[in-house]
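Visitor: Please take me through one part of this model in close detail. I would like the helix packing first, and then whatever open space you can describe.

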Amino acid sequence: MRLRIALISLATAIPVALAGCDGNSAGEKTDGVTNIGFLAPAPRNDGGFTQYALAGVQAAVDADPTLKLTSIVDNAAESQQQIDGLTSLAAKNKVVVADGAVLNKAVAVVAPKYPDTHFVLIASDLESLANNVSSVTVAVGLNAIVAGAVASNQSKSKKIGMIAGPEVPSSTAWYYGMKQGAAAENAQTQVSQAYTNDYNDVGKAKQAAEAMIANGVDQILSDLDSGSTGIYQAADGKAGTGVYNVFALHCDDNPNIIGSGIVNWSDVLKTAVTEAAAGKLPAGAISFGLKSGALSYQFCPGKGTDAQKALAEKITSQISDGSITPAEGVLLPKPSYAYEQR
Amino acid sequence: MTAAAGLIRRDRGMPAWVGRVVTQLGVAAAALVVAALLLLVIGVSPVDAASAFWSGTFGSPTNAGTTLTQAVPLFLVALGWIVADKAGRMHVGFPGQVVTGGCAAAAVGLHSGGLPGVVAVVLCALAGIAGGALWAGIVAWLWASRGVLEIVSSLLLNLVALQTLAWLVRGPLQGSLDRQPQSANFPASALWPAVESVPGRTLSYDVILLPLLAAGLIWVFARTTFGFELRASGGNLEAARWSGINPVRQGVTAIVISGGLAGLAGAALLFAGSAPWLSEGFEAGIGFNGIAVALLARNSPVGAILTAIVFSSLNVGGTSLQALLDVPSSLASVLQGAVIVLVLVAAVLAHRRRRAAPIKMKELVA
């Protein structure tokens with residue numbers, strides 16, 4: 001018994017003693033070079049949101065020799081892991097990109113501890129303003145209005161659908177936008193939605209798409225990353241099913257793809273990182289819209305009739321000139337603090 | 001000690017605990033070799049990696065605080081496994097019990113803003129214990145009254161708990177500004193106290209549970225009637241019955257206690273860490289990793305302290321390796337897997353050594 005008590009004391013004391021061994025600070029910034037860190041809850045090669053954002057950061061680094069992408073932490077899916085990752089990155093980088101809506105609370109925890117580091121939060125806003133955090137979002141719902149109108153026009157059954165990962169505002173915005181766009185094209189068109197809770201789960205995406213197709217849906221928008229493959233497979237099984245992507249054109253991936261609600265995350269990230277490194281990105285919320293060029297709807301080569309292309313242009317211009325105003329749920333909730341629409 | 005046992009001990013040349021420590025050190029050394037090889041394969045110097053790993057885990061009081069605090073939930077789950085194992089019950093419901101404990105604690109914590117700090121902290125801890133124990137109680141009831149294998153029911157209940165959590169963070173407990181699957185932040189009064197002198201307040205006082213619970217459990221097993229009955233039930237069911245012990249009651253009690261410990265781990269994850277909100281993935285693999293911690297410690301509460309810290313270091317250090325050296329995040333998982341495999345190898349070797357012992361006894365008697 002005495003031996004065990006001694007062992008317990010030893011087992012507890014060693015790590016506590018080690019805690020006092022202070023290592024050298026990792027917070028050094030190299031003269032003349034601005035270090036940039038990047039953290040994402042998804043894999044860096046997800047073929048979608050994370051990959052495009054990372055490409056934007058890389059583009060900013062390539063364009064400016066004084067910028068350096070020092071570290072990438074990906075697959076940080078859990079809150080504590082996100083906080084640990086952001087803490088590690090903040091200690092050695094001047095700019096830290098937190099790429100994902102789910103990182104909002106983790107950024108709120110870490111940012112106040114590193115006032116000299118500028119945090120760029122992507123696709124979500126903070127609950128309250130922090131002076132060293134800029135949250136960057138894109139009004140994807142505006143693009144969804146155009147996609148919804150085109151899909152409605154393309155649909156024979158007048159049933160269209162949207163499949164996304166988790167049911168979060170940045171995803172539901174696609175559904176509400178499609179609903180508004182479809183109603184603008186044909187009031188009878190029905191829009192359904194499904195969430196797989198994982199942007200990269202091919203199996204779940206295939207199941208969701210097959211269920212929609214079984215219910216008569218013949219046009220499906222995929223707000224997924226590598227999970228889109230499941231929708232392609234389901235569409236292959238039912239002739240006449242059209243698929244729409246988001247973020248970028250993936251026309252070579254499947255012959256059923258009609259077009260894409262392009263969200264140019266790469267350009268958005270390039271702009272945000274460049275401005276943050278130069279100290280010109282304001283704290284608060286910044287939303288990129290149609291005017292910034294971050295959004296557009298594009299058809300795959302050989303897809304879309306002239307009437308559909310004209311419809312896309314017409315809806316886009318009506319959104320831009322304000323004759324179509326976004327319905328509820330199309331735009332992300334606006335924060336109460338400093339907000340800039342670009 | 002009998003003369004024969006004394007002879008056996010002298011014949012082996014060293015006490016049993018030395019063998020256990022040597023085995024664990026051997027596992028650790030083998031894991032280090034595997035890690036070094038993996039790092040060399042991906043083009044990272046093991047020396048640089050060791051430096052980054054140290055920096056991220058114990059290189060500063062802040063990081064050491066994080067490492068130690070994150071070891072506590074692992075340790076609690078490991079103790080839960082040890083308790084159930086002593087009674088001969090093998091359930092794998094810890095992930096579900098961590099989740100239900102965390103959800104119960106979160107539900108209480110979110111509504112404890114007006115309470116004094118001590119009351120709120122105790123209530124949250126008790127809610128966590130109750131949540132985990134109740135969830136484990138279902139497993140125990142199914143086993144005792146319906147003969148359902150606890151390993152099956154507990155595994156399936158894990159899935160139910162995870163889906164319940166997914167519903168809670170999108171429904172009744174959802175509380176973030178932009179409707180993310182997260183609760184609102186817990187009130188400051190409900191958060192478990194942390195050592196003020198550690199920058200970032202990363203070292204929670206719940207690390208005191210490490211020695212206290214380890215010593216307490218050893219005392220219960222070694223010095224109490226309850227501990228004896230538990231061990232007797234786990235050792236030989238029929239012998240226990242003939243001794244007047246009710247092994248079913250002991251099994252139920254052990255499963256419920258192990259669930260309570262896992263529930264407390266869930267509360268610790270939420271209220272002692274630096275992420276004071278309920279989110280979908282807050283369990284973070286603690287439930288199953290805790291079992292590995294207990295196995296690596298060979299079901300020793302003292303060993304579980306060290307192995308929990310080792311596993312916590314792997315988690316925290318893995319993130320640090322990514323941030324500092326761009327080492328893939330999956331490497332830490334691979335290392336944990338390697339450690340578990342090595343533990344199994346060590347267990348097989350230990351089993352063979354035990355089987356060899358009676359032969360020596362026969363030789364001595366002859």
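**Helix packing and a pocket**

Guide: In α4(B), the residues Thr66(B), Thr67(B), Leu68(B), Gln70(B), Ala71(B), Leu74(B), Phe75(B), Ala78(B), Leu79(B) and Ile82(B) meet a set in α13(B): Pro301(B), Ala304(B), Ile305(B), Ala308(B), Ile309(B), Phe311(B), Ser312(B), Ser313(B) and Val316(B). By class, this contact has 14 nonpolar residues, 5 polar ones and no charged ones. Note that the model is predicted.

Now the geometry of that pair. The axes of α4(B) and α13(B), the latter covering residues 301-325 of chain B, come within 7 Å. They cross at roughly 135°. The two helices are therefore oblique to each other. The crossing of α4(B) and α13(B) is right-handed.

Stay with α4(B), which spans residues 61-86 of chain B. It also packs with α8(B), residues 209-223, where the axes come within 10 Å and cross at roughly 10°. That angle makes α4(B) roughly parallel to α8(B). On the α4(B) side, the contact uses Val72(B), Phe75(B), Leu76(B), Leu79(B), Ile82(B), Val83(B) and Lys86(B). They meet Leu209(B), Leu210(B), Leu213(B), Ala214(B), Leu217(B) and Phe221(B) of α8(B). The residues of this contact divide into 12 nonpolar, no polar and 1 charged. Phe75(B), Leu79(B) and Ile82(B) in α4(B) meet α8(B), and these residues also meet α13(B).

Chain A has a helix pair to set beside these. The axes of α2(A) and α9(A), residues 265-277, come within 7 Å and cross at roughly 45°. That makes α2(A) oblique to α9(A). Their crossing is right-handed. From α2(A), the contact takes Phe49(A), Tyr52(A), Ala53(A), Ala55(A), Gly56(A), Val57(A), Ala59(A), Ala60(A) and Ala63(A). From α9(A) come Trp265(A), Ser266(A), Leu269(A), Lys270(A), Val273(A) and Thr274(A).

Helix α2(A) leads on to the open space. The second largest pocket has a volume of about 1400 Å³. Its lining counts 50 residues. Nearest its centre lie Val102(A), Pro166(A), Asn197(A), Tyr199(A) and Glu280(B). Elements giving two or more residues to this lining are α2 (49-63), α3 (79-90), β5 (133-138) and α6 (169-185) of chain A, together with α7 (150-170) of chain B. The largest share, 5 residues, comes from α7(B). By class, the lining of this pocket has 23 nonpolar, 17 polar and 10 charged residues.

Notes: Residues are numbered from 1 along each chain as its sequence is written. Chains are lettered from A and ligands numbered from 1 in the order in which they are written. This is a predicted model: local features need pLDDT of at least 70, side-chain atom pairs count only at pLDDT 80 or more; totals for chains, interfaces and linings use all residues. Side-chain values use heavy atoms; hydrogens and water are left out. On a 1 Å grid over the protein atoms alone, a cavity is a set of points where a 1.4 Å probe fits but cannot get out, and a pocket is an open set with protein on both sides within 12 Å along at least five of seven lines; lining residues have an atom within 4 Å of a point. Grid points are joined across faces, edges and corners, and a volume is the space filled by probe spheres set on the points. Helices (H or I, at least four residues) and strands (E, at least two) are DSSP runs, numbered from the N terminus. Ala, Val, Leu, Ile, Met, Phe, Trp, Tyr, Cys and Pro count as nonpolar, Asp, Glu, Lys and Arg as charged, and the others, Gly among them, as polar. Axes are lines fitted to C-alpha atoms, for helices over the stretch in contact, and angles run from 0 to 180 degrees between N-to-C directions. Angles under 35 degrees count as roughly parallel, over 145 as roughly antiparallel, 65 to 115 as roughly perpendicular and the rest as oblique. A crossing is left-handed if the near helix is turned anticlockwise from the far one by less than a right angle, and right-handed if clockwise. Contact means heavy atoms within 4.5 Å.
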